[in-house]
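I opened a new page for this structure. My notes follow in the order I looked things up.

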Amino acid sequence: MKETSAQREVRREFSRRLTALINNAANHPGIRKALVESLAEIADRIDQLDASVREKFPLRKAPRAVRFYIKGGNAFDAIMAISRGDHDLFGVGKSDWDTQAIIDPWLPATIQNSLYGDIEDILIDALRTAGLKVATAINARPQDVSPLRPVTEALPADATVNYTLACDSPQTLRRVFDRDRLGLWTDDRRQLSDETIPSPTLLPGILLNDGIKPFALHRLGYTWHGERQNGAGAGPDPNLSSRPILMELIDVTLPRRYTIEAVATWSDLERNRLRIVPGTDMGVTLPLPDLDYHLRENLTMICEVADKSSHHADKLPKRLQRIGQIYQSYTTPERQAGFRDTVNAMAGDTVAAEGDSAEDMCRALMDSIAQRTAASDGNFWKGHVSTASAERITQGRQRLRRTLETMRRTFGDTVLLSVAYSDDLAMFRALAENPYLAIDRIGFCGIDAAAVIRASYEDIIGFDTAEFARALGASKRKSSQDDVPGKGIKVEWQSHNTPRPGGPSYECTFVVFDGHKATTFLTLTSASALQAPFQRDPDHAGIEYASLLDMDAQRKAAAALIEDYLVRTALSRQHDAIRSLLVVD
């Protein structure tokens, strides 16, 4: 029987209580020490894996190919402690350990696949070792203080209804497969045991979940079940389903290489929007994201509440509190300006101004997201692109032609460019040929000017991006009546490759920004006309469209450059839609 939303909330609440019980560092310091040491081991082994990549594969030297860091509540508490000058980073708190490993999503696919396999081997071995350490720590203490003894918990909505929660015995190593990729329709489950532990119940279970779309999940923890006291009636329990209740210890997520999430996170690392700092305590050092990372994470979560995509709207007060704590720790004018810039970048507009409180800025961001989300409802009419949206894209193409003229002048008169539209209208035109996809559920990304341009490899790597940005700013100054128009024009770029017949091509995708708003996508590709053919519009002479493959690659690269929450979300949705038709990286 399918779990109801009310049953899910009860199960999650019981899970939160059990997780806090075993992760209480004050009550169970041995367990906390075992987990911290195990995380340090994972970090060290992934560092060693990263160092070995260039020996195993013929790669140029680069900063990193794979990274690992702590995130979530423990990481936030530790980085806040560092900002205060405290030294007790890991020995306090009641949270489980959320972590992430991530691989450079621009590496060749074969190398990425090899790294995914290596990381899984590391995690299985490290989580087994961590489980043994946790079981040893529990076994060393009296049973009457064991976090695994049965407990009685009241129903969150009715304190008169009690449940006995008991740990499952024995725990298991469970694998859940990606059905779409592997075609396997079942999971694999094996009991865990170790001859050095007197009771198998003490060993936590391990979950390797490869069935989640954006990422693979590796989890260490215990599963529990609940039974109602006070005379449970016959039939299914209306309050609690039969699904396992989780007591979580360690979660390691690994974003999939083809996802926008992986591209965006890696870009944040490369562009120093996400900086990793060492935190040392309890005799080990763990990699911790800085406060700017936690700011973006919590701003993203309140944006998810604003556009009504969040499943945890009840956590909004906690997110706002954390954002307020971060703002209070930004004591210099430069740090406060950076806070405002981050809010404005995620809004894609200027919504935060000097003198605003953290709460005011958050509310302004949420209002902006909610208003833009509501406005997007008019993009379609009865499943088709609305007239207003089509006219908006037409105007975007007119602006694009002026931008392309500026690009041609930047290249010089001797460079020949072949251009094809890759905007949302062009994408919907291609997707509409599939009778099953509903384009109104895919949606616009909000960028009305986009093109793919064929050029030689030598011309692409010689392109002067700074001069291009300067020329665009000068062009805007000539056409605007503002006092200081064009000063906010900037151009960001991301290089990438596309596997094609005959060999990979080199691409460079540019995003043009006017202030905080992204206005234009441009992708230069070294692919030949045979490798990347353009499709002619049968009704309009001189108009050509890029292939879905190149539109997808452009959107993936653009997501690495854009912080606008709604644009990134829309690009992810479009990328997933194209992936449903094509086999793309």
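I began with the term nonpolar core: a set of buried Ala, Val, Leu, Ile, Met, Phe, Trp, Tyr and Cys residues joined through side-chain atoms within 4.5 Å. Buried means under 20% relative accessible area, with a 1.4 Å probe and protein chains only. The model is predicted, so local features need pLDDT of at least 70 and side-chain atom pairs 80 or more, while totals for chains, interfaces and linings use all residues. Residues are numbered from 1 along each chain as its sequence is written, and side-chain values use heavy atoms, without hydrogens or water.

**Cores.** I looked up the largest nonpolar core and found 99 residues. Tyr222 and Trp224 have the most contacts inside it. Helix H4 (residues 109-139) gives this core its largest share, 14 residues. A second, separate core has 41 residues, including Ile439 and Phe510.

**Strands.** Helices (H or I, at least four residues) and strands (E, at least two) are DSSP runs, numbered from the N terminus. Two strands pair if DSSP finds at least two bridges between them. I traced S3 (residues 151-155) and S4 (residues 158-167), which pair antiparallel over 5 bridges. They form a hairpin with 2 residues between them. Valine 151 stands opposite leucine 165 in S4. S4 also pairs antiparallel with S8 (residues 215-228), over 5 bridges. There, glycine 226 is the bridge partner of leucine 165.

**Arginine 568.** Is arginine 568 buried or exposed? I noted it as buried, because its relative accessibility is 17%. Arginine 568 lies in helix H17 (residues 565-579). Its side chain reaches the backbone oxygen of isoleucine 562 at 2.5 Å.

Key
Buried means under 20% relative accessible area, exposed over 50%, partly exposed in between (1.4 Å probe, protein chains only). A polar contact is a pair of N or O atoms within 3.5 Å; within protein, one must be able to donate a hydrogen and the other to accept it, and residues adjacent in sequence count only if both atoms are side-chain atoms.
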